[in-house]
Amino acid sequence: MTTQKIQQEIIKEFGGSAKDWLKKYGQLMKLGKTLPSAEEAHKIEDNLVKGCQVRTWYGSTFKDGKVFYKIDSLSLIIKGAVVLLLRVLNGRTPEEIKNTELYFIDQTGLRELFSPVKANSLWKVINRMQTDAANYGAKRNK
Amino acid sequence: MNKTDKPQPVELNIKRIRKDFPILKERIYGRRLVYFDNGATTQKPKVVIEAINKAHRQYNSNVHRGIHFLSSQMTDMYEVARARVQRFINAPSPQEIIFTSGVTASINLVAYSFCEAYLKKNDEIIVSEMEHHSNLVPWQIACDKKGARLRAIPFNDRGELLLEEYKKLLNSKTKLVAVTHVSNSLGTINPIKEIIALAHAKNIPVLIDGAQAIQHELIDVQDLDCDFYAFSGHKVYGPTGTGVLYGKERWLNDLPPYQSGGDMIDRVSFERTTYNDLPFKFEAGTPNYIGAVGLGEALEYLSGLGLENVRAYEKKLLDYATAKLAEIDGLKVYGTAKNKVAIFSFLMDGLHPYDVGTLLDRLGIAVRTGHHCTHPLWAHYGTEGSIRSSLVFYNTFKEIDYLCEALRQIQKMSK
C-alpha cells in the first residue's frame, strides 16, 4: 500500500474535529499498547532521544534497500503516535520516505495534541526517521 | 503570651479570596482553570500586580544615591519592602535581608562566598537526599573546587529525614549544613529547628532552603536560629525574579562579596576597593527594586490573610486530598510524612506521568510532571519522577474532587 493510502486510512480512523481530543488521546493510548516493546538491550543511553521529558528510544537499520525503525517510549501517547508513523514509513525505501509528506499529522488534528514543547520527543523522532532515511539513501548511492 | 492564649485560626472566605487572583478566572481549553502547580510558582493577587504597575507608572527611578525626588521615593519603597520581608520572617534587622533574583541565587551566593572563605580540602558539607538541585549542585561545585566532600542525610520511604543518620554525619570536618525546610517533591516539613540545634551544638552553621516553606509556614528566623534562610518571591505570591537571602549579620559581615560592581562598594581606586555596608555589599548592580516592592506587597497580603488561617485551611485541603486520592485504585502517593504541606506526588499504574499530565492539562488542570529537579530523591524510590499536584489556600475541595474525577477518567481511557 502506498504511503498516501495509509495516511488516508489513518485520517479516516482519526476523523472528527479538534473537539474530539479526548477520543483521539484515547485512540492513541490504545494504539500505543500495541507497539511491541523494544528489547532491554536496545534501551540504552545511546539510543535515548535527547532532551525529552519522556524516555524514548530510537534506532534504525537499513536492509535490502529499505529502512526499518525500532522505537519505544515510556509514554503510551507517544507510542501511539509512533505506531502511526511506523505504519506510514517503516520498511520503505529512502526515496519513498523522502517523498512522503506526513500530512496525516495535521489532517487528523494530531499536531494540536503534540505541542512542540510538550512532546518534543515525537518531533525529534520524526526528524531522526527522515534524516536516517536520507543518510541511508545517500550512502547507498555513493 | 502562653500557648493557651494562642489565637484560634479564623475561617477564610475562599470564594472572596479567589477573586483577588485574576488568573483563576481564566479558562483553559474551554474549562475553568484548576491551578495545582503552586509548587512551581504561585499566582499573584491584584494588590501585587497593581503595586508593580503603579511603581512602573508613577515612581520608577533607580534606587540609592539619586538626589532627585523619584529616586529618593523609589529608594524608600525599596527599603520599605526590605522591612516588610524582615518583619515577615522576624529577622532582627533589615541589614540581614539581601534581595536576590530567587532562591537559587541566594544559595549560590552563600555557596560561593562561604565556601570561598571557609571551605578547605577534606572538609564536609551536609545536604539531604531530598534537596532540590538548587540546594545540591552549588554545594557540589564548591566541594569539587576545594576538594571537600558532600554528604547527604537519607530519608525513609514516607519521606522523613533520618535524624539518627544525620547525627552520625555531623563531625569535626563538617563546615555547613544546607537543608530544605519543605520538600518540593514530597511536601515533607522537615524538623529544621532540631536539625539546626544539632548542628549548632557542634558550632556548624545551617542554611535553610525555604523555597517551599515560605508560602505555607510561619517563619521566624530568630526562633529557628538558622544562619541563613533563602526563598523566592514568586513562590510566595510575589513577582518572578525576586528572592531573599536572610543571613545572620556576623556571617554576612565576614563573608566576601559574591558579585561585584556598582552599589556594593564604598571606595574604589586602582589600588584597592572597600565594600559598602550590609545589605548593599551583596547587592551589586541595579537591583530588581520594583520586583522587591511587589514582593513586599505579597507578604503584606499574606500577613493580612493570616498565616495561621492559611495553614489551617491548607491542612484541611491536605487531609481531604489525601483521603480522596487514597480512594483511587492503582494510584500511589509518594511522600506520606506525618508533617507535610499539601503537595501530592503520585504515580498511576501503567501510566507515564507525561501522559497523565497531558490529559489533565486538556481537562483544565495544571500539574507538574517529571523529576521536579530532585533526581536523588527519585532514585530513592527507584523511579524517575511523578505527577505533582501542589495546593495553596486559593484551591478548593471542589477542585480536588474534579482532579480525582479526571484521574478516574484517564484510567478508564488507558484500559
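This is a predicted model: local features need pLDDT of at least 70, side-chain atom pairs count only at pLDDT 80 or more; totals for chains, interfaces and linings use all residues.
**Figure 1. Packing of helices α4(B) and α5(B).** Helix α4, residues 103-118 of chain B, packs against helix α5, residues 137-146 of chain B, at an angle of about 20°. The two axes lie 9 Å apart. An angle under 35 degrees counts as roughly parallel, so α4(B) is described as roughly parallel to α5(B). The crossing of α4(B) past α5(B) is right-handed. On the α4(B) side, the contact is formed by I107(B), N108(B), A111(B) and C115(B). Their partners in α5(B) are P138(B), W139(B), A142(B) and K146(B). By residue class, this contact of α4(B) with α5(B) comprises 6 nonpolar residues, 1 polar residue and 1 charged residue.

Figure 2. Helix α2 of chain A covers residues 21-34, a total of 14 residues. From its first C-alpha to its last it spans 20 Å, close to the 20 Å expected at 1.5 Å a residue. Buried residues in α2(A) are K24(A), Y25(A), G26(A), L28(A), M29(A), L31(A) and G32(A).

**Figure 3. Packing of α2(A) on α3(A).** The axes of α2(A) and α3(A) are 7 Å apart and meet at an angle of about 75°. Angles of 65 to 115 degrees count as roughly perpendicular, and α2(A) is therefore roughly perpendicular to α3(A). From α2(A), the contact draws on Y25(A), L28(A), M29(A), L31(A), G32(A), K33(A) and T34(A). From α3(A), it draws on L76(A), I77(A), K79(A), G80(A), A81(A), V83(A) and L84(A).

**Figure 4. The contact between chain A and chain B.** Chain B contributes 9 residues to this contact, and chain A contributes 11 residues. On the side of chain B that touches chain A, helix α12 (residues 353-362) of chain B gives the most, with 5 residues. That side of chain B divides into 3 nonpolar, 4 polar and 2 charged residues.

**Figure 5. The cis peptide bond between L278(B) and P279(B).** Most peptide bonds are trans. L278(B) and P279(B), however, are joined by a cis peptide bond, with omega about 0°. P279(B) is placed in the loop that runs between β12 (273-275) and α10 (289-305) of chain B.

**Figure 6. Positive phi at Y29(B) and C373(B).** Most residues other than glycine have a negative phi. Y29(B), which is not a glycine, has a positive phi near 50°. Y29(B) is found in the loop between β1 (27-28) and β2 (31-32) of chain B. Y29(B) has 12 other C-beta atoms within 10 Å and is therefore classed as exposed. C373(B), also not a glycine, has a positive phi of about 60°. Its place is the loop between β16 (368-370) and α13 (375-381) of chain B. C373(B) has 16 C-beta neighbours inside 10 Å, so it counts as partly exposed.

**Figure 7. R57(B) and its separation from L347(B).** R57(B) belongs to helix α2 (residues 46-59) of chain B. R57(B) counts as exposed because it has 8 C-beta neighbours inside 10 Å. Between the C-alpha atoms of R57(B) and L347(B) there is a separation of 47 Å, and the two residues are 290 residues apart along the chain.

Note on methods:
Residues are numbered from 1 along each chain as its sequence is written. Chains are lettered from A and ligands numbered from 1 in the order in which they are written. Axes are lines fitted to C-alpha atoms, for helices over the stretch in contact, and angles run from 0 to 180 degrees between N-to-C directions. Helices (H or I, at least four residues) and strands (E, at least two) are DSSP runs, numbered from the N terminus. Angles under 35 degrees count as roughly parallel, over 145 as roughly antiparallel, 65 to 115 as roughly perpendicular and the rest as oblique. A crossing is left-handed if the near helix is turned anticlockwise from the far one by less than a right angle, and right-handed if clockwise. Two residues are in contact if their C-beta atoms, placed from the backbone, lie within 7 Å. Ala, Val, Leu, Ile, Met, Phe, Trp, Tyr, Cys and Pro count as nonpolar, Asp, Glu, Lys and Arg as charged, and the others, Gly among them, as polar. The expected span of a helix is 1.5 Å times one less than its number of residues. A residue is buried if 20 or more other C-beta atoms lie within 10 Å of its own, exposed if 12 or fewer, and partly exposed in between; C-beta atoms are placed from the backbone.
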